[in-house]
Amino acid sequence: MEANEEVYEAFSRYGSGLTLVGVRDGDHDRFFIAASVMTASVDPFALAVSVGSGRDALPSMASGASWTLSVLATAHRGLVEELTRDSSREERLMALGAAGAEASSSGGLWLPDALAAFTCRTSSVTPVHDQTLVVGEVVDASLGTSSAPLLRWNRAFGTAGPLVSRSVTPG
């Protein structure tokens with residue numbers, strides 16, 4: 001295995017949660033599935049998302065449009081598979097509609113049955129090679145369903161095994 005192939009394979013073993021990011025661009029909904037999301041700050045609350053430099057949502061996010069982020073549950077696996085396969089924009093929009101996606105008050109598409117949803121206002125944009133790190137201050141959040149998160153690991157979608165609580169006996 002060549003060094004670049006090994007690095008690519010190693011990155012596939014970095015497990016991460018999946019989110020739907022949506023932003024409104026004039027009359028058009030822009031959206032993508034993101035696996036690279038992190039808490040950027042807790043005072044004030046802010047999220048950072050890595051956006052491919054060629055994504056059509058990036059110009060609107062970078063220009064300051066509010067954007068939404070829906071944390072996906074295992075029930076969204078079929079939707080993620082549909083949105084990440086080679087399909088037309090119309091097919092992806094139909095899949096989002098069938099999954100119950102709605103326009104948020106800020107305009108970006110979100111999923112009411114997501115584990116949690118956030119509306120963010122961009123506070124910084126940092127190009128990093130072929131990605132752009134967009135940090136958004138959280139202006140609204142809501143809790144959704146309580147179920148297992150959808151994860152990406154080893155080029156597949158699934159979830160972690162059940163958590164087992166342990167009691168710890170002090171000293």
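## Tour: from Asp 56 to the cores

Select Asp 56 to begin: Asp 56 is partly exposed, at a relative accessible area of 36%. Buried here means under 20% relative accessible area, exposed means over 50%, and partly exposed is in between, with a 1.4 Å probe and protein chains only.

The model is predicted: local features need pLDDT of at least 70, side-chain atom pairs count only at pLDDT 80 or more, and totals for chains, interfaces and linings use all residues. Residues are numbered from 1 along each chain as its sequence is written, and side-chain values use heavy atoms, with hydrogens and water left out.

**Salt bridges**

Asp 56 and Arg 30 form a salt bridge, with 3.3 Å between the closest N and O atoms. Asp 56 sits in the loop between β5 (45-52) and α2 (58-62), while Arg 30 is in strand β3 (residues 28-34), so the pair ties together parts that are 26 residues apart in sequence. Arg 30 counts as buried, at 15% relative accessibility. The criterion is a side-chain nitrogen of Lys or Arg within 4 Å of a carboxyl oxygen of Asp or Glu; by this rule there are 8 salt bridges. Helices (H or I, at least four residues) and strands (E, at least two) are DSSP runs, numbered from the N terminus.

Next, select Glu 82, Arg 85 and Glu 91. Arg 85 forms a salt bridge with Glu 82, the closest N and O atoms being 2.9 Å apart. Arg 85 also meets Glu 91 in a salt bridge, at 4.0 Å from N to O. The relative accessible area is 22% for Glu 82, which is partly exposed. Arg 85 is partly exposed at 40%, and Glu 91 is partly exposed at 36%. Elsewhere, salt bridges that share partners join Glu 9, Arg 13 and Arg 155 into one network.

**Ser 12**

Move to Ser 12, in helix α1 (residues 3-12). Ser 12 is buried, with a relative accessible area of 4%. Apart from neighbours within four places in sequence, Ser 12 is in contact (heavy atoms within 4.5 Å) with Trp 153, Asn 154 and Arg 155.

**Helix α3 and the cores**

Select helix α3 (residues 77-84), where Leu 79, Val 80 and Leu 83 are buried. These residues cover an arc of only 95 degrees around the axis, which puts them on the same side of α3; the arc is that of the directions from the helix axis to the C-beta atoms. Their cover includes β2 (19-25), β3, α4 (89-98) and β12 (156-158).

Now show Leu 20, Leu 72 and Leu 96, the residues with the most contacts inside the largest nonpolar core, which has 16 residues. A nonpolar core is a set of buried Ala, Val, Leu, Ile, Met, Phe, Trp, Tyr and Cys residues joined through side-chain atoms within 4.5 Å. The elements giving two or more residues to this core are β3, α3 and α4, and α3 supplies the largest share, 3 residues. Leaving aside neighbours within four places in sequence, the contacts of Leu 20 include Phe 31, Leu 72, Leu 83, Leu 96 and Leu 111. Another core, of 15 residues, lies apart from the largest one; among its members are Phe 32, Val 49, Ala 57 and Cys 120.

**Whole chain**

Finally, zoom out. The chain has 4 helices and 12 strands. Its C-alpha trace spans about 60 × 45 × 35 Å along the principal axes, and buried residues make up 33% of the 171 residues.
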